[in-house]
Amino acid sequence: MSADVDGFSSATAMLEALRAKQVSAVELLELHLDRIERLNGPINAIVVKDYDRARQAAQAADAARARGEDGKLLGLPLTIKDSIDVEGLPSTAGVSDRAAHRAEGDAALVARVRAAGAVIVGKTNIPPMLTDWQSDNPVYGRTNNPWNLERTPGGSTGGGGAALAAGLTPLEFGSDIGGSIRNPASWCGVYGHRPSSGVVPLSGHFPGSSLPNPVQLLGVVGPLARSADDLDLALDVVAGPDVGEDVAWRLELPPPRHTRLSDFRVAVLPSIPWLPVSSEMLGAIEQMRTALCQAGARVEEAQPDGLGDLREHHDLYLSLLTAIVNQRRPEESRALAAKMREAGGMFAEAHACGVEATAQDYLVWHGRREAFRAMWRTFFREWDVLLAPIAVVPAPPHTTVPTRDRVTDVNGRSVSFTAQLAFPALSVLTGQPATAFPVGLSADGLPVGLQGIGPYLEDRTTIRFAGLMGEAVGGFRRPPGYD
Amino acid sequence: MSGVVDGFSSATAMLRALRAKQVSAVELLELHLDRIERLNGPLNAIVIKDYDRAREAAKAADTARARGEDGKLLGLPLTIKDAIDVKGLPTTCGVVERAQTYPEHDARLVASVRAAGAVIMGKTNVPPNAADWQSDNPLFGRTGNPWNLDRVPGGSSGGAAAAVGAGLTPLEYGSDIGGSIRFPAAWCGVYGHRPSSTAIPDSGHFPGSPLPNPTLQLNTLGPIARTAEDLALGVDVVAGPDIGEEVAWRLELPAPRHARLSDYRVAIYPGADWRPVSSEITAAIEKLAATLRKAGAHVAEAQPDGFGDGKDHHEVFVSILTTISGSRMSPDERKARAEALRASPDPFGELRARHLDARAAEYMALHDRREEYRARWRAFFRDWDIMLAPVVIVPAPEHSTMPPDARVADIDGRTVSLRLLTAYSGLSIMSGVPATAFPIGMSKDGLPISIQAIGPYLEDYTPIRFAGLVGSEIGGYQRPPGYE
């Protein structure tokens, strides 16, 4: 086979090679299967392998191409996060009770990926119930960061982030209700896009159901990749109305606002008093500022009016999130809320309120959510992108301490691990698109990433911005030892 | 002015006359203002009048037309339900404390109507908080039915349907969370369309807020008119994404499935003992079914799989509806309401009382159930184009001073809670499928008898066209006596 592509090529480059017949889908698949067999063991990123069906799909893709057909992903191998239904494969959510579960059908997203001609290689690892920024569970064990096996790849799309960084897959679809696409993207040094809410169908994601649920608005599914162009391509394939809405609703995501970095108006999130970030993150932001200034872009510290110290915004997010994730165990709510209040902490009350939420609370909170959405709409008339951290530190060492009790050392200050949820939550509450992109490496040789948050439904603006920043500051780097 | 149009012409005919310059917008407005001044008094349908601004808008429409411009509603006078925000007018929703509540902005729907060139004449009466199927409130008083002033026009868009029925306005926008477009349309003998749940922006409605709230899926805004064609026009002007969504979402409602009655596959909703319907109405439906068969349509009793006797569906529906209404009450109000519900003749009173205090988790789970029903409707409408069902269970009842929960109807000797009206309106509300109410005859007491055509989600033009074709076959809107 041709040397035009290797395991670290972008999905776009692989598709170009497929179209130019420099490589066949079967060859491209075998290249990846060989890499998975050689390199996946120690990182344990891909935990469900579907080689037989993948080989059939690759052969079918080659046959289709030989007939002159094409498809946006025709012949491209890729992986899917455990929590997204792929017919016949497990969706375990990383819990033993679901180990034997097999999905009866494809999630709406997976159906689109297949229809575009993709070759699904397997599924990637996650934490139990997707509720951690590590990816360790009793069904499949622990995923490690390809940059340093002692470090976590992040979560919950941790297997996905690790597999991309290690060159085991060129494209992954994950999900994000609390940073679960962007956190592993940043800790593994790849790109990840959290789409605007409602843009990519969520039906067929667990937790969740095979049907849509219009009153649950926080969770989304979206792509991770090694280039911003790949995110754009992936979004193009899967974006569109959910089951039943396609009768009349059409989605036409507008083009990016600008095509040159110099034209972007970039707000930098002011520091948050209660949430210090490490010198590595501050350094990355400074590096970005410099690059943007050099490019001639407008860069200033700014945030939506009324965001204040972010407490109210984050309280609301946490209450909604907690109401949604505890939906299926209302009988335990009273005890759980008491436990949360007893444990204390800055956001204990917000969590407890979420657990105890009445329908009235829930509807009123969504009224407040709309007020915040209006605030963001106004903000993005003046700005194109809000640049913000995703995490307070680069990938931390693995830990068995429960998330709630975890602390992180930030410049000598002890910070609650979960407090940093405020950064990804910035875009989750109101459904803004946000693209994570790699900025560089820390002194310890770990990836440092940031996110560009954009105007609702203008996903292509943050993706393009991430791509332009990648060109300016380096983009994806290969971790050593995965050639 | 020319005799080509009168107060009972359809909106489409009025627009045709405007385009043909057979009538000016100012003339057409004055025709309506004159009728309102002469006929609205005893009816009390239009309760907020905005004549000055309407006259300015009509003049502006004539000027625009003179410049060669056009618009889908350019120069057409119309009215808006007093639950929908119109800048410069109060949104009282029949509540004394809201008499001076002026919205900051037009509702998105009103903005679309204005942008299409319409002339807003005023606002129509509702019950307090739009929460009744008669339209009587302490602020503006009681609206009568143009067919019989002793009867209710229905509600909550009661002023709307009465005004359309009496020829005081050719087009009206109302709202429907429990039947509030279709009940009054049915009882006043006019056409009313409850749209698919996401098709028309519902921001700027009270109860509700000026901003959208996607966790509230039941309320919709939609048109009331004297012909099905006018409903299609009324939908066309305002359908589309709500605030903020227009950045990327476009709505392209598909054309009606069929243009001839003979091509329609028409299911008739089976009856069930717990939700009786007056024999006058069931006889009218049977007669219509026979007419449809004669016209060549495929007609049979059928309903989506899993509906059974419809009780489970109704339970999910009233649970969601009551949860929403409970969310707008204070704890004391909820307590009082729960007591009233438990004491009421509504067989679902206990279930509803419980849901006034529902938890967020229950609300989310109810929407999972709702999606299961939506999937059933999707499957059903692969085999069928329309489901015909009663829209009301009796012709327009007499005004009542009893609270809604306590009201009953005599249905062929059986005493039935009038709350069971929602067993039929809720059929389409819960799953967000479109439903068009239209007249099919008159009762022996001289009151309109109507039916609803329920259609596939987002295929609003299918039940509207069907209603129009039926109207052509058996006669549609009739003028109530005494409103010439």
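Two strands pair if DSSP finds at least two bridges between them. Helices (H or I, at least four residues) and strands (E, at least two) are themselves DSSP runs, numbered from the N terminus. Strand β9(A) and strand β9 (residues 249–251) of chain B run antiparallel, joined by three bridges. Here Arg250(A) stands opposite Arg250(B).

This is a predicted model: local features need pLDDT of at least 70, side-chain atom pairs count only at pLDDT 80 or more, and totals for chains, interfaces and linings use all residues. Residues are numbered from 1 along each chain as its sequence is written, chains are lettered from A and ligands numbered from 1 in the order in which they are written, and side-chain values use heavy atoms, with hydrogens and water left out.

**The interface**

Contact means heavy atoms within 4.5 Å. Buried area is the accessible area (1.4 Å probe) that two parts lose on being put together, summed over both. A salt bridge puts a side-chain nitrogen of Lys or Arg within 4 Å of a carboxyl oxygen of Asp or Glu.

| Item, chain A with chain B | Value |
|---|---|
| Residues in contact from chain A | 48 residues |
| Residues in contact from chain B | 45 residues |
| Buried area | about 3,800 Å² |
| Salt bridges | four salt bridges |

Carbon and sulfur atoms give 61% of the buried area. In chain A, Val215(A), Trp249(A) and Leu363(A) lose the most area to chain B, together 18% of what that side buries.

Arg373(A) forms a salt bridge with Glu245(B). Their closest N and O atoms are 3.8 Å apart. On the side of chain A that touches chain B, β9 (249–251), α9, α11 and α12 each give two or more residues. Helix α12(A) gives the most, with 12 residues.
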